[in-house]
Structures are given as structure tokens and as C-alpha cells.
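Here are a few worked exercises on a two-chain model. Grab your viewer and try each task before reading the solution.

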Amino acid sequence: MNAPDSPDAILDIHDMTVAYDRRPVLWNIDLTLPEPGLIAIVGPNGAGKSTLIKAVMGLVPVVSGRVSVWGQSVEQQRQRIGYVPQRESVDWDFPINVLETVLMGTYGQLGWFRRPKAKHRQWALECLERVGMQDFATRQIGQLSGGQQQRVFLARALAQDAHLYFMDEPMAGVDAATERIIFELLENLRNAGRAIVLVHHDLRTVAEYFDEVVLLNVRIVASGPVATTFTPEKLQATYGGRLSILDTMSEAVRSQQESV
Amino acid sequence: MFLTQTTLVLVGTVLLGITAGLVGTFAYLRRRALAGDVIAHAALPGLCLAFLITQSHSMSVLLAGALITGVAGAFLMSLLRRVSRLRQDAILGTVLSIAYGLGIALTRAIQNHYRNERGADLESFIIGRAATMLKGDVLQIGAATIGCGIVVLVIYKELKLLSFDESFCRVQGWPATRLDLLLMFLTAVTVIAGLPAVGVVLTAALLIIPAAAARFWTDRLSHMMAISAGMGGVSGAVGTLLSARLDQMPTGPLVVLTASSLFVVSWMLAPKRGWLWNRGVSREELATAAEEILAANPSGGPEVAS
């Protein structure tokens, strides 16, 4: 990251600014992701973590800046981009079952008017199996626990068969079993050469699982390999004067460094 | 004539009910059910303006005017939401009342001015007057509703995605804004097609009630659409037949009351989601269920963010 602009970078964000009601939420973001890997975006509440990935995907308007993926516009590369939104962003009482939800991941490839066929169903079931949810295929999505719902969203993203994934806090509010399953899945994706950009809130797991980290607080405070970027000084710069959090963090960093 | 007046009206209201059931399912799930009500009320001034400008009594000319102001009302609503920071309910109430007040004033003014000579019977659109619909009217309305119904079935997959998860829909590259506008347009056409038979005040009920009733019976969108369309069609038929039997009873209110009865039955009796089904769940049972969940999933609770 922070490598010189390369036209073939998986993701290249240049000079991006986003504002809500004239208040900047992201300021002058420059970020280059040259290689596949597992990338965490961390920062305090209100730092613009979710907004960053939403702006990249064109879900919120940007004031300025440009984004390219594999040297092309996001619009041209939609088929290769996968998304896991925040769990709270949808109505879980919607009349739809687990398999139908996962099948939505195939809609992009299906295109207009075509309906999913047996082979798409088979594929969706495989994706469900990878998150350990195959036994729930016919459940209404509202009858699942939070962790199970999160896994359904991940299965839907897997069904997209994308090369670049954006995930918005997939570990928020999930049980330990789900967190293990998700991390295992993310590592498999990374090993298969996929890039995953993940908004993350749990600083304790950053050093253990991620390759790179982006420290964000409206601006990018630092970004790069976890070993050189995820340091107490840079975290302090990111989280500012929030001392209560800082203590927990430096503790987390210390324990990680000891365990590595 | 092959068709009696009752059969003619029956065909119109059944088609209307079916399409309103289909379109209404998505309006309901997108939480846009009240937008239909705003469109219906905003249609009234359009009917009047269409008559004043063209002096035509043709149903399609009047309804075209209604469609224009109905859609304009819907746009005004979304514009206000973006620029005014007013709450959604305040915006709905405001646009609806202004349009309706304007419409009522115009219909009365037209009525007074033309007396009985060449005035169009615009007041009949307020609660509808199915009994006086002509064969040509029914054919045009029937064609419009069938068209809307077909469009909904053809883009079922796309509307389902849009309704469930709009941002995922956008990320996949679907034109979510245009799909949304199309759904709004289908809603508007359905509402406008309902005006002659059911009227400005009650047409939106046909979008909301069958869809809301259908939700009680199923957890699948495709089934919900089928049930909603079925209930809409049955309401149209029963309401029309009752109105033909009962002297002087208007069709629109009877159609809506039939739909409402189906709603009450659904709410009471439907398995799983119905009132009767859930009535027996006691505090103790809930506590036991909670314990079971916790036992099966010891680390259960949400992780506390550090």
C-alpha cells in the first residue's frame, strides 16, 4: 500500500473526499492496493470506515476523487466486486428464505430477466456449505441468529464469485463460532488470490489475521503491512485522546506482539 | 351486447384487484404503501385540469391528466424529503392534503360553472362510480392493469433484489434508481386505473390491504404475490357483486371492505404469524426458549467492541 500509482492495482483511490451536509466525513483519501490480501480498515466511531467502502462502490456520492479497480472504473468491473453490507441494513422480516438470499449473489451474472436455474441453486448450496449453513437453506431469514444471518450474507457474497470483496463489519455482534468460521473463510479466499477489504472493529484480532491495515480517522493516518503500521504510536494518532480506548488498545497490541 | 353492465364492471375490478395485489406487494415491502395514497389524491386536480384544458369527457384523456399530476405529487414528495428535512409522515400528510384540497375545490368549481350542461362528472372520481363505467373505459383500464401486472412478473427478480437490499442491488450494477422509478410508475398507473371504479380516497387501500393480509400466510415472496393478487381479485369480484345486489351501494367501498375482511381473517387465523397462533405464547415459554438458545450457544451474546 502507498505504493506509487500503478494502473493495474487491484484498487486505487485517489484524492477522494466525501461530505454529509457539508461536513467532511472522508478527507483526501489516497490508497492503493497493489496485491491481493486481507486488509482491515480500523478507526474510531465516526471515522468514516463504512463510508469509505461505500464511496468506493459508488453507494454514496463523492465530492471529489477517482477510484479505479484493475485500472478501470468500478462501473466496468462490477462483476468482479463482491459486497457484504452491515447486517442492520436490511429488513430481516422480508419474505425470503436463506437459499433465495444466497441466490441473489448470482443475479449479477444472470443479467436481466433470467431466473436462477438448477446449477445456480447447486452453486448457492455450495456457498452455504462453505459457511456451514447448508441445513438452513429453507429457513426464513428472520428465524436465524445474528451470527447465522451474517454467514448468509457471506455466502451471498461468495456466490458473487468476486475477486475484490468489501465487507462492512462482518464480525459485529456474532458469536465466537461464527467469528472462527468467518476468519477461516477469509483466509481461504485470500489464499485463492482474492482481495478482501474489511471494516473491522475488534483491534485484538487485527495482528493475528490481517496482512495489511488502514488506520482511518476522516483522513488516512497510516496504512501498510500490519507489522509496521499497527503500532501503539500510530493507533494513538488514529484514536486521538480517547484514553479509555487507548489503554485497551495498547494492551491488545502488547499481547499480540507477545504472542507473535 | 354480450356483456351485462355487472359483468363488465366485474372484469374491470377483478383485473384491478389482481394487479393492485401484485404491485402492492412491492409497494408494501418497500414501505411505499402510502405513496400510492398521495398519488391517488394528487390525481384529482389532474382530472380537473385535463377536463378544463381539453373539454374532453374521454376517460383516457382525464386519466392521462390524473397520471401526470399523480406522478408529480410523488416527485414532489421525494423532492421535499431530500431538501426539507421534514419527516416522511409530515411530507405525506402535507402533499396529500394540498392536492386533495385543490382537487375538491376544482371539481366543485367545474360543477358549479358547467351546471349539468357539458360538465364532466368529476365528483364521481372521489369515491368512484363503477356502475357507470363504459365498455371502452373498462377495456382501457383492463389493458393498463394487465400491462402493469406483466411488467411486475417479468422483472420480478430485479424488484425482489431492489426491495430486499438496495445497496447490494447497486453494487451488482443494477440501475436501482431507475428500477425504483419504474416501480413508482407502475404504482401510479395501478392507482389511476382504479380511480373510476374505486375513487381517489380508497384506491390506495387496494395496494396495501391485500399485500399486508398476504404477508400473514407465507414467508416466500412469490407466494405472497400470488396470495395478494388472489385476495385483490376476490375483493374486486365480491365487492362488485355485492354492490350489484345491494341497491345504491357504491362498488369501491364494498371492494375495500371485502379486502379488509380478508385482512382481519388473515390476521386472526394465519398459522405462525396470526394472532390466534401467537396468543398462547406465555412469558414462561419465552423464558424457556431463551434458556435453550443460551444453552446451545454458550458464547451467545454479542461481542463487546473493544
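**Exercise 1.** Are Asp21(A) and Arg85(B) buried or exposed?

*Solution.* Keep in mind that this is a predicted model. Start with accessibility: Asp21(A) and Arg85(B) are both exposed. Next, check the charged groups: Asp21(A) makes a salt bridge with Arg85(B), and the closest N and O atoms sit 3.5 Å apart. That passes, since the cut-off is 4 Å. Now step back to the whole structure, where a search over all chains turns up 21 salt bridges. As for location, the Asp21(A) pair crosses between chains: Asp21(A) is in the loop between strands S1 (11-20) and S2 (23-33) of chain A, while Arg85(B) is in the loop between helices H3 (59-84) and H4 (88-114) of chain B.

**Exercise 2.** Describe the interface of chain A and chain B.

*Solution.* Begin with the residues: 44 from chain A are in contact with 37 from chain B. Then take the area: the two chains bury about 3,600 Å² between them, with 59% of it on carbon and sulfur atoms. On the chain A side, Phe94(A), Pro95(A) and Tyr107(A) lose the most area to chain B, together 18% of what that side buries. Which elements of chain A take part? Those giving two or more residues to the side that touches chain B are strand S5 (81-84) and helices H2 (98-103), H3 (107-110) and H5 (146-159) of chain A. H3(A) gives the most, with three residues. Sorted by type, the residues on that side of chain A come out as 20 nonpolar, twelve polar and twelve charged.

**Exercise 3.** Work out what the salt bridge of Arg30(B) and Glu166(B) ties together.

*Solution.* First the distance: the side chains of Arg30(B) and Glu166(B) meet at 3.2 Å, N to O. Then the places: Arg30(B) lies in the loop between helices H1 (5-29) and H2 (33-54) of chain B and Glu166(B) in helix H8 (residues 166-171) of chain B, so the pair ties together parts that are 136 residues apart in sequence. Now accessibility: Arg30(B) has 14% relative accessibility, so it counts as buried, whereas Glu166(B), at 27%, is partly exposed.

Glu123(B) is in the loop between H4 and helix H5 (124-127) of chain B and Arg108(B) is in helix H4 of chain B, 15 residues apart. Finally, follow the shared partners: salt bridges join Arg30(B), Arg32(B), Glu166(B), Arg170(B) and Asp180(B) into one network.

Technical notes:
Residues numbered from 1 in each chain as written. Chains lettered and ligands numbered in written order. Predicted model: local features only at pLDDT ≥ 70, side-chain atom pairs only at ≥ 80, totals over all residues. Heavy atoms only, no water. Contact = heavy atoms within 4.5 Å. Buried area = accessible area lost by both parts, 1.4 Å probe. Helix = DSSP H or I, 4+ residues; strand = E, 2+ residues; numbered from the N terminus. Nonpolar A, V, L, I, M, F, W, Y, C, P; charged D, E, K, R; others polar. Buried < 20%, exposed > 50% of the residue type's maximum accessible area, 1.4 Å probe, protein only.
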